[in-house]
Amino acid sequence: MSSKKRSARLSVEDANVPEEEARARRKNIKSLARLRAKEPTVQKLEDIVFGDVQEEEEDEKEVEEEGDQSDEETEARLAPPPIKKAAWVDDDDELEEEVDMQHRFRSNLMRGQSEARISKTKLQQRMRDQFQKSMGGAPSWATDGSKKSVKDDEDDDDGEEDEDDDLLRKTGNFVASSDSLPSGIIGLKKCCHANAARLSSDRLTSVQFHPSAQVVLTAGLDCSLSFFQVDGKTNAKIQSVHLDRFPIYKARFTCQGDAVIATSMKNKMFYIYDMMEGRIMPVQQVKGLREPRIKEFYVCPEGGTLLLTGTQGYLHMLTIKTKEVVNSIKLNGEVVGVAMSSDGSKVFAKLEDGEVFVWDVRSSRCVNKFTDHGCVAAKAIAASADGRYLACGSQAGVVNVYSQQTCLNSANPTPLKAIMNLLTPVTALTFNPSAEILAIASQYQEEAAKLVHVPSLSVFSNFPLAKKKFVYRVSCMDFSPHSGFFSFANNKGRAPLFRLTHYNNF
């Protein structure tokens, strides 16, 4: 052990002892130094007692070298791999590819005849701009997530703790995702026509989805009932039933979906088609019914009865099984539309002057009466399946949406919203099963159809498509049981079909 280092160590200790002891120690150190010079055994004894300072220094150097080596290995492992040089370079890769803009799928993106061909990059940018314009801006899923600022680990940990505290302060179902339909733009995909396998030669008057099977029914003035398997691609025909000299005015499934009821324009008789047995049953006469024709009818939600609209303000309730009238209601005017509550206990009957009568089916009495706000001449009426909304259409093209509960209790209900997007008489109103969409249409003008977002009572801006005519004159509309599909019947003998992408099931 060197004398300089040992003296340095002792000098540090001297600071903590009295001055006399320090002087005595310095004296002892000097005498030891003289002994060390004369006797080598003293040096060996000090090395045994205090340790070899040189070995300690070598151990410290080895530890430092091992630490430096491990740091170098870690940096080498985390370093990005070296960029490899390309084996060869193709000059054609540097040439920008041009796209033919006169193709029928890209012609709508042209901004002049001079743009017969444009670069691929320019086309991509133009398509991106068009998509963002139709979506009302860039959607959140298209934004770059890498722009998020990077924080220290401590900040991230604090943020996670704050989120945990936030979560514990709230109540609710955190597992379920939001299923509410957004407003503004509805996600829909145009599919093959529902009746593409057998287009009608005359105007279609009815379209309806089966209540349980993935089947759609179409009917029209060509005297035929047609059934199709709905898949959105080919919609294969299942069966067609021809009713001789019987142009169909309206056709509907029964609640169980085991039969179809069809009425005509000026006939007193109607048909029942038994789908289980494949048998057509003409009903020539209904016991207790004195009407010149059977034209408009409604299938009651409870399933066993029909509600027929007669002349001179009559409504007739008849059973499907016995084909006889069990009840009749007389109103003070001509009935132009009927809607029923989801349980079938209430009937909303709209007269041509705009009055709406609310009848209780069980007691057979009127429980309320009100006038559709601002309506002079009435047309269609519809009730939502969840019992929340009632929609009334007029000849002026206005659709008033009411709270159904208010219509049951108030003699002068105020509409939640007056929808004024149609200019001709409203002839068709239909709610989807979840009461999130209201479809409205007029058969007096082409392309006169709209889809309304019911929670916000605003119209979806992307239906119908403005550039291409495909709606024509709509006579009937319907949604599939879980709103996965939407279709309507038009005067061209077609039933356009749309897939509503927000809903997962048929």
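**Briefing: rings, charges and cysteines in a predicted model**

Lys250 lies over the face of Phe297, at 5.3 Å from the ring centre, where a charge counts as sitting over a ring if NZ of Lys or CZ of Arg is within 6 Å of the ring centre and within 35 degrees of the ring normal. This is a predicted model, in which local features need pLDDT of at least 70 and side-chain atom pairs count only at pLDDT 80 or more, while totals for chains, interfaces and linings use all residues. Residues are numbered from 1 along each chain as its sequence is written, and side-chain values use heavy atoms, with hydrogens and water left out.

**Charge over a ring**

- Lys295 lies over the face of Tyr249, with 4.8 Å to the ring centre.

**Aromatic pairs**

- A search of the whole structure finds 15 aromatic pairs, a pair being two rings of Phe, Tyr or Trp (its six-membered ring) with centres within 6.5 Å, called stacked if the planes are under 30 degrees apart, edge-to-face if over 60 and tilted for the rest.
- Phe246 and Tyr271 form an edge-to-face pair, at 4.7 Å centre to centre and with 85 degrees between the planes.
- Phe246 lies in the loop between strand 7 (237-242) and strand 8 (248-253) and Tyr271 in strand 10 (residues 270-274), so this pair ties together parts that are 25 residues apart in sequence; strands here are DSSP runs (E, at least two residues), numbered from the N terminus.
- Phe246 is buried at a relative accessible area of 1%, and Tyr271 also counts as buried, at 15%, where buried means under 20% relative accessible area, exposed over 50% and partly exposed in between (1.4 Å probe, protein chains only).
- The rings of Phe463 and Phe498 have centres 5.6 Å apart and planes at 85 degrees, so this pair is edge-to-face.
- Phe463 lies in the loop between strand 27 (458-459) and strand 28 (474-479), whereas Phe498 is in strand 30 (residues 497-500), so the pair ties together parts that are 35 residues apart in sequence.
- Both Phe463 and Phe498 are buried, and they belong to one aromatic cluster that also includes Phe470, Phe479, Phe486 and Phe488.

**Cysteines**

- A search of the whole structure finds zero disulfides, a disulfide being a pair of cysteine sulfur atoms within 2.5 Å.
- The sulfur of Cys255 is 7.9 Å from the closest cysteine sulfur, in Cys300, which is too far for a bond.
- Cys255 is partly exposed, with a relative accessible area of 32%, whereas Cys476 counts as buried at 6%.

Note on methods
Helices (H or I, at least four residues) and strands (E, at least two) are DSSP runs, numbered from the N terminus.
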